[in-house]
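Trainee: I would like a close look at a single part here. Please walk me slowly through the salt bridges.

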Amino acid sequence: MPNQSGRIVYLNGDFLPESEARLSIFDRGFLFGDGIYEVTAVLDGKLVDSALHMARLERSAREIDVPLPVPVSEIVEIERRLVEDNNLAEGVVYLQLTRGAEDRNFLFSAELKPTLLLFTQAKTLENVPAAEKGVSVKTVPDQRWARRDIKSVCLLPQVMAKRLAKAEGCDEAWMIEDGLVTEGASSTAYIVTEDGRIITRGNSHSTLPGCTRLAVLELAREQGLTLEERAFSLEEALNAREACLTSASNFVVPITRIDGKQVGDGTLGPVVKRLRELYLENARRTAV
């Protein structure tokens, strides 16, 4: 990753050099994990799926009852300014909203002011080896809380899952609950059956409603591809013709090995390849 020590960040109304940004030790995001976040991809200096991310941000904020300190239209302009100020052509904008800072107490005061933080990260998203050679995943028990539909900053189970995956030479972890795949530690999970059906879990409290997922599924429907929104088992995945993941920082990436076992013929398949092409074309066309 390029040196980003000179980055400009946004914190509670101010654009600052990152070295000057300061958060209170009493911020509830730090003490309780009492906050939410979003990650928006940047391609060619423009925000990808911006409206979808802002809609999810509003939903998560409502679910935990934290008011947005500024309208989402202003947040988008903050993101665009950060992209410009940091000369970001490709990468992501990270946003974190917490309930705010005050002396530690499980209950919080009514007048508490939220903390809003945004920063950019330079990252190669499009021309990555994984897009062609694929990634490997390790399955782990799903040990997360029951409201996975909220994009919470409480990511300890995902951190632990990622570490387990890396220890076995894998790139991502798939969470397993009651014998079924819920989702990746930081991605949505898919398989493609022998007869070409694309299967991914439907939205519920069990999974995060992925913005990249939503865009990909809409594009697939427009192309007349067959979709099934349902849970699938690990056995189904191991017998699938193709598998893939989606996320804001990966777009669409093939999965070629699960728990050390080859998926399909172990190469990028035609359905996943088409989904990535469709997504990138749409991302560039609709980015703001």
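**Salt bridges, pair by pair**

Mentor: Happy to! The count comes to 26 salt bridges, each a side-chain nitrogen of Lys or Arg within 4 Å of a carboxyl oxygen of Asp or Glu. This is a predicted model, where local features need pLDDT of at least 70, side-chain atom pairs count only at pLDDT 80 or more, and totals for chains, interfaces and linings use all residues. Residues are numbered from 1 along each chain as its sequence is written, and side-chain values use heavy atoms, with hydrogens and water left out.

Let's begin with D34. D34 pairs with R28, and their closest N and O atoms are 2.8 Å apart. R28 has a relative accessible area of 4%, so R28 is buried (under 20%; exposed is over 50%, partly exposed in between; 1.4 Å probe, protein chains only). D34 is buried too, at 12%.

D34 also meets R99 in a salt bridge, at 2.7 Å from N to O. D34 sits in the loop between α1 and β3, while R99 sits in the loop between β5 and β6, so this pair ties together parts that are 65 residues apart in sequence. Like D34, R99 is buried.

Now turn to E277 and R274, whose closest N and O atoms are 3.8 Å apart in their salt bridge. They are three residues apart in helix α8 (residues 270–286), so about one helical turn separates them. (Helices, H or I with at least four residues, and strands, E with at least two, are DSSP runs numbered from the N terminus.) E277 is partly exposed at 39%, and R274 is partly exposed at 35%. Elsewhere, salt bridges that share partners join D142, R144, R148, E177 and E183 into one network.
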